[in-house]
Amino acid sequence: MSELSLRQVSKSFGTLKVIKDVDLEIEQGAFTVFVGPSGCGKSTLLRMIAGLEDITSGDLEIGGARMNDTDPSKRGIAMVFQSYALYPHMSVRQNMGFALRFAGVPKAQIDRQVMDAARILELEPLLERKPGQLSGGQRQRVAIGRAIVRHPKVFLFDEPLSNLDAELRVHMRIEIAKLHKRLGATVIYVTHDQVEAMTLADKIVVLRAGRIEQTGTPLELYTDPDNQFVAGFIGSPKMNFLPARVAGGGDGQGGPAVTLEDFGVTVPVTGLKNLPAPGTRITVGIRPEKFNEQGDQGLSVAIEMVEHLGSETLVHGRGSGDLITVKYPGISAIDDGRLDARFNAGDLLYFTEGGERIR
Amino acid sequence: MDLYFQRLRGGLVYLFLITAAFLSIFPFLWMVLGATNTSADISRGKFGLGGALFDNIVSFLAFADVPLILWNSLKIALLTTLFTLAVASIAGYGFEIFRSRLRDRLYRVLLLTLMIPFAALMIPLFIMMGKLHLINTHWAVILPSIGSAFIIFYFRQSTKAFPLELRDAARVDGLKEWQIFLLIYVPVMRSTYAAAFVIVFMTAWNNYLWPLIVLQSNDTKTITLVVSSIASAYYPDYGAVMVSAILATLPTLIVFFLMQRQFVQGMLGSVK
């Protein structure tokens with residue numbers, strides 16, 4: 001069952017349309033991540049769901065009820081903010097119980113709900129402290145606790161980990177994933193960090209310039225992106241894009257092929273129904289981790305830099321054009337000179353010049 | 001050589017600071033010592049403790065109904081401060097938080113009013129107060145001070161440091177706008193309020209020209225008017241003048257020292 005629906009939802013600031021006809025269904029209990037570059041509208045969309053921004057047109061439904069004009073506190077949502085937004089003059093206990101106080105919940109029940117949330121998040125020893133006396137991670141847990149006590153239908157997270165250091169971010173990411181599993185709640189989570197999106201999400205919504213580019217599971221987006229933007233955004237290091245031209249094609253000598261112009265290599269193409277006519281310029285994508293020593297094709301790459309990360313080795317180099325990245329697992333002896341970067345032709349993805357996937 | 005210049009520079013800095021401190025403290029010292037001396041000793045320029053403090057106090061008490069004038073001053077200063085803080089903080093919050101087409105134009109007009117000297121406003125204000133039948137009442141002193149453009153400006157600038165996510169969180173928690181203001185903004189901005197309190201209280205307490213014009217009967221006068229009238233008597237009793245000056249200065253000093261820490265925080269614009 002759909003917990004939250006967006007139908008043709010748009011948002012304009014004056015004449016500037018920042019969210020453009022968004023259609024989205026979010027299932028009950030799903031962990032949905034909005035991801036995209038800065039300024040793509042993901043936080044604005046989240047704020048529209050929360051009721052902190054007006055919806056210019058379209059419909060928002062939560063739990064089957066239209067919520068466009070409903071007060072934020074009555075939408076059945078709770079929100080965790082990037083800067084935590086804890087009230088600095090209140091103790092942790094007061095912060096967590098504040099919304100319930102305003103909802104007219106009896107004091108005994110507020111205490112019980114606050115204690116339950118504090119137990120889940122191991123906040124009991126901190127209940128009488130003020131936010132200024134807490135570390136970043138503790139504040140984050142209090143912010144989540146403040147959301148939990150309300151028993152919302154939908155949790156909204158607006159880049160909640162971006163103020164934490166790298167180590168704590170990984171720790172809190174795991175905590176949030178565990179919490180979601182434990183509560184079984186519907187979560188919408190905004191981030192620009194695609195690693196966060198890939199590790200947490202049941203479903204990822206990739207946004208660009210106020211529009212949904214693609215929606216799917218993390219692996220669907222990774223393996224089967226709809227366009228060049230999604231292909232480039234999902235995956236780290238990002239996918240290599242090589243300018244190419246359609247070659248051959250039904251000439252009876254090996255079937256369709258593309259020529260990778262930066263390397264002067266022609267690669268056979270299989271399984272594509274809509275390959276454009278020979279001579280058409282296209283873009284070919286290959287993920288850095290798809291290079292392997294047993295590949296049936298090779299690119300001669302002039303090495304410019306090698307990063308030895310222990311668990312993997314990243315080689316940066318180029319043919320005659322843009323820099324490409326090749327990723328090998330483990331420690332590699334590669335240092336400088338030229339690299340015969342081998343790959344399988346079947347691992348290539350093809351995009352039109354406009355960035356649409358050729359299937 | 002470098003060490004020599006460093007020491008010389010340090011010495012000059014200290015000399016400057018000592019001179020500046022002395023120039024600042026000297027009037028206070030002169031006032032306190034003067035309060036213990038007779039009028040004749042003060043006129044002769046005696047700079048030392050005398051034995052006439054009690055006589056000077058008696059003389060001052062005989063000149064005016066001191067509890068009443070202190071009460072008048074306190075009442076005016078406190079009411080002015082409370083009303084100004086309420087109006088200016090709401091206005092500053094509104095100017096900063098709410099977007100509208102005319103907001104910045106209106107704000108510029110407000111700032112322009114800072115350039116109008118008070119002397120240019122005295123006569124229209126007096127006519128206005130007369131029409132409202134407020135001449136010779138404390139409201140005539142309080143009302144014109146409340147809409148202070150400078151304090152509104154100060155609150156708006158300070159509100160820039162107020163985290164907007166707190167307002168969003170409060171909206172999600174179910175607070176109305178006035179509840180956000182009272183329950184979140186006011187406590188979070190308390191050091192801004194403290195600094196504004198000190199500034200407005202001092203200004204209101206020391207206000208002289210406008211009260212001189214609108215407060216005409218003795219029972220409505222403030223301490224600054226009384227200090228002035230003692231000093232401008234035909235044979236001024238300088239001992240009593242010094243005692244009255246101490247009494248006029250003391251409350252502002254107490255307010256400042258009580259709120260010094262928060263005043264500094266407020267002036268630095270810190271939101272904790």
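In this predicted model, helix α8 of chain B, residues 149-159, is largely enclosed by the rest of the structure, because eight of its 11 residues are buried. The buried positions in α8(B) are B:Ala149, B:Ile151, B:Ile152, B:Tyr154, B:Phe155, B:Arg156, B:Ser158 and B:Thr159. Their packing partners belong to chain B as well: α4 (66-97), α5 (103-112), α10 (177-188), α11 (190-206) and α15 (260-268). An α-helix has 3.6 residues a turn, so residues three or four places apart point the same way.

Helix α8(B) also takes part in the largest pocket, as one of the elements that each supply at least two lining residues. The other elements of chain B that do so are α4, α6 (118-131), α7 (139-146), α11 and α12 (209-214). The volume of this pocket is about 710 Å³. Its lining comprises 25 residues, and those nearest the centre are B:Phe118, B:Pro144, B:Ser145, B:Ser148 and B:Ala149. B:Ala149 is also among the buried residues of α8(B).

Annotation of chain B comes from an unreviewed UniProt entry, which places the feature "transmembrane region" at residues 12-35, 76-95, 107-127, 139-157, 178-205 and 238-259. Two of these spans may be described in terms of the model. Residues 12-35 of chain B are 96% helix and 0% strand, with end C-alpha atoms 34 Å apart. Residues 178-205 of chain B are likewise 96% helix and 0% strand, and here the end C-alpha atoms lie 30 Å apart. The feature "domain: ABC transmembrane type-1" is placed by UniProt, again in an unreviewed entry, at residues 70-259 of chain B. Over residues 70-259 the chain is 76% helix and 0% strand, and the end C-alpha atoms are separated by 21 Å.

B:Phe28 belongs to helix α1 of chain B, which covers residues 2-34. With a relative accessible area of 41%, B:Phe28 is partly exposed. In sequence, B:Phe28 is 217 residues from B:Ala245, whereas the C-alpha atoms of the two are 9.5 Å apart in space.

Chain A contains an open sheet of four strands, ordered β2-β1-β4-β5, with antiparallel pairing. Strands of a sheet pair through backbone hydrogen bonds, either parallel or antiparallel. The antiparallel pairing of β5(A) with strand β4 of chain A, residues 57-62, extends over two bridges. A:Glu61 stands opposite A:Arg66, a residue of β5(A). Helix α1 of chain A, residues 42-50, lies across β1 (2-13), β2 and β4 of that chain, and runs at about 115° to β1(A).

Rolling a probe the size of a water molecule over the atoms shows where empty space is left. Three cavities of 30 Å³ or more are present in the structure. The largest cavity holds about 60 Å³ of space. Its lining consists of A:Ile144, A:Ile148, A:Phe155, A:Phe157, A:Ile176, A:Leu179, A:His180, A:Leu183, A:Ala185 and A:Val187. Two or more of the lining residues come from each of α4 (136-148), β7 (154-158) and α5 (166-183) of chain A. The greatest contribution to the lining is that of α5(A), with four residues.

Key: Residues are numbered from 1 along each chain as its sequence is written. Chains are lettered from A and ligands numbered from 1 in the order in which they are written. This is a predicted model: local features need pLDDT of at least 70, side-chain atom pairs count only at pLDDT 80 or more; totals for chains, interfaces and linings use all residues. Side-chain values use heavy atoms; hydrogens and water are left out. Buried means under 20% relative accessible area, exposed over 50%, partly exposed in between (1.4 Å probe, protein chains only). Contact means heavy atoms within 4.5 Å. UniProt positions are given in the numbering used here, feature names are shortened, and annotations may be inferred rather than shown by experiment. Two strands pair if DSSP finds at least two bridges between them. Axes are lines fitted to C-alpha atoms, for helices over the stretch in contact, and angles run from 0 to 180 degrees between N-to-C directions. On a 1 Å grid over the protein atoms alone, a cavity is a set of points where a 1.4 Å probe fits but cannot get out, and a pocket is an open set with protein on both sides within 12 Å along at least five of seven lines; lining residues have an atom within 4 Å of a point. Grid points are joined across faces, edges and corners, and a volume is the space filled by probe spheres set on the points.
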